[in-house]
Amino acid sequence: MTIRAVVKGIGHYLPERVVPNSEFEKMMDTSDEWITSRSGIKQRHFAAEDEFTSDLAIKAGKMALNDAGLTANDLDAIIVATSTADLTFPSAATMIQHGLGMTRGFAYDIQAVCAGFVFALANANAQIISGQAKRVMVIGAETFSRLMDWTDRGTCVLFGDGAGALILEASDGTGTKEDRGILSVDLNSDGSHRDILYVDGGVSTATTGYLRMEGKEVFRHAVEKLAATAETAMARANITSQDVDWVVPHQANIRIIKGTAKKMGISEDNVVITVHNHGNTSAASIPLALSVAKQEGKIKPGHLIVTEAIGGGLAWGAVVLRW
Ligand code: UT7
């Protein structure tokens, strides 16, 4: 018998304020045409001044609990992928645990930037298959608008805020690719690429800093590494591109999303795309896309899904799961 981490519920939250590309046209030398053609982004959501990452995550978490028909104390753990926690400590996860009314179990953050949700999913899967936890909420939540240098038109038009939450539950499987739940994982990182995507501040340097990115360089790594990690995860799950119902990629750039799908031999019709509406929400982008796709009736029980993401580090990875 094989223990599988099976999806039990999902939710998301986007801040009320929608910022279309036209707002940037008023602030700097840019255009809707440039932003759309280079990135696919048409709009993004920005958190209100008094709204923080944990606030977005709690709302997404409540929706996921509701979707699963569970209460917070039915969870054993909460794992939060974020690079934009409210405070240096305590973790966003413990603040969210309290905010959801969970008075038992454990909660902690994982930091792998835009790949954070894939790393957190892999970590939750490990908790479940090792018997440490039976039900785990995995959250990706970010307020990247707080890391933007509004004088850098090459980055500030690309990112947005939001949160998504997924609940995984231990379930008996047969050990085959027909099982529901997480079927395989592939994680990678290479710290030698630090300088192409980073924030030029942090606690130890007593600053907050701004996001800095060599867009072209990141782009060059992205398609190749994303297709490779997806293919490794698919081989581990003993599946081929023909078996895949949906690729749910990190939503950074429509050209990266399409280029990766093409390299994987997967039709664009089988790719969930939300980048036009959400921008790049870093660790929140995959659970947001999963939740929206489920809401739209695209993702259904039994569907085979491949998620893949890359971000600062560089860190990248993929997860294969059957919904
Ligand atoms: O989530 C983490 C992973 N991140 C990513 O995956 C992002 C990866 N990179 C990208 O998505 C793309 O590289 C960008 C969207 C950031 C940029 O697209 P690009 O086709 O690589 O453009 P570029 O950086 O080569 O810039 C082309 C031109 C430059 O002008 P010159 O030097 O050719 O005269 C830029 O100055 O576009 C200019 N430019 C802009 N023009 C209008 C840069 N930003 C803007 C802007 N509006 N906002």
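Predicted model: local features only at pLDDT ≥ 70, side-chain atom pairs only at ≥ 80, totals over all residues.
An open sheet is built from 4 strands in the order 8-13-12-11, with mixed pairing. Strand 8 (181-189) and strand 11 (246-249) form its edges, each pairing on one side only. On average, and with direction ignored, neighbouring strands of this sheet are turned by 15° against each other. Between strand 8 and strand 13 (residues 315-322), the pairing is antiparallel and extends over 8 bridges. Within this pairing, L187 has G317 of strand 13 as its bridge partner. Helix 7 (residues 215-236) packs on the sheet, where it touches strand 8, strand 12 (304-311) and strand 13. The direction of helix 7 makes about 145° with that of strand 12. Helix 10 (residues 285-295) also packs on the sheet, in this case touching strand 11 and strand 12. For helix 10, the angle made with the direction of strand 11 is about 140°.

The loop between helix 9 (275-278) and helix 10 contains N280. This residue, N280, counts as buried because its relative accessibility is 5%, under the cut-off of 20%. A polar contact of 3.3 Å links the side chain of N280 to the side chain of H250. When neighbours within four places in sequence are left aside, the residues in contact with N280 are I41, C114, L158, F159, G160, H250, Q251 and A252.

Strand 4 (residues 77-81) is mostly covered, with 5 of its 5 residues buried. In a regular strand, side chains alternate between the two faces of the sheet. In strand 4, A77, I79 and A81 point one way, whereas I78 and V80 point the other way, and all are buried. Strand 4 pairs with strand 5 (residues 106-110) in the parallel sense over 5 bridges. In this pairing, I79 stands opposite Y108 of strand 5.

Empty space left among atoms can be located by rolling a probe the size of a water molecule over them. The second largest pocket of the model has a volume of about 190 Å³. Its lining consists of R17, V19, E23, F24, M27, F46, A47, A48, E49, S145, R146 and W150. At least two residues of this lining are supplied by each of strand 2 (17-20) and helix 1 (21-27). Helix 1 provides the largest share of the lining of this pocket, 3 residues.

Key. Residues numbered from 1 in each chain as written. Heavy atoms only, no water. Pairing = 2+ DSSP bridges. Axes fitted to C-alpha atoms, helices over the stretch in contact; angles between N-to-C directions. Contact = heavy atoms within 4.5 Å. Buried < 20%, exposed > 50% of the residue type's maximum accessible area, 1.4 Å probe, protein only. Polar contact = N/O pair within 3.5 Å; in protein donor to acceptor, adjacent residues only side chain to side chain. 1 Å grid on protein atoms, 1.4 Å probe; cavity = no way out; pocket = protein on both sides within 12 Å on 5 of 7 lines; lining within 4 Å. Points joined across faces, edges and corners; volume = space filled by probe spheres on them.
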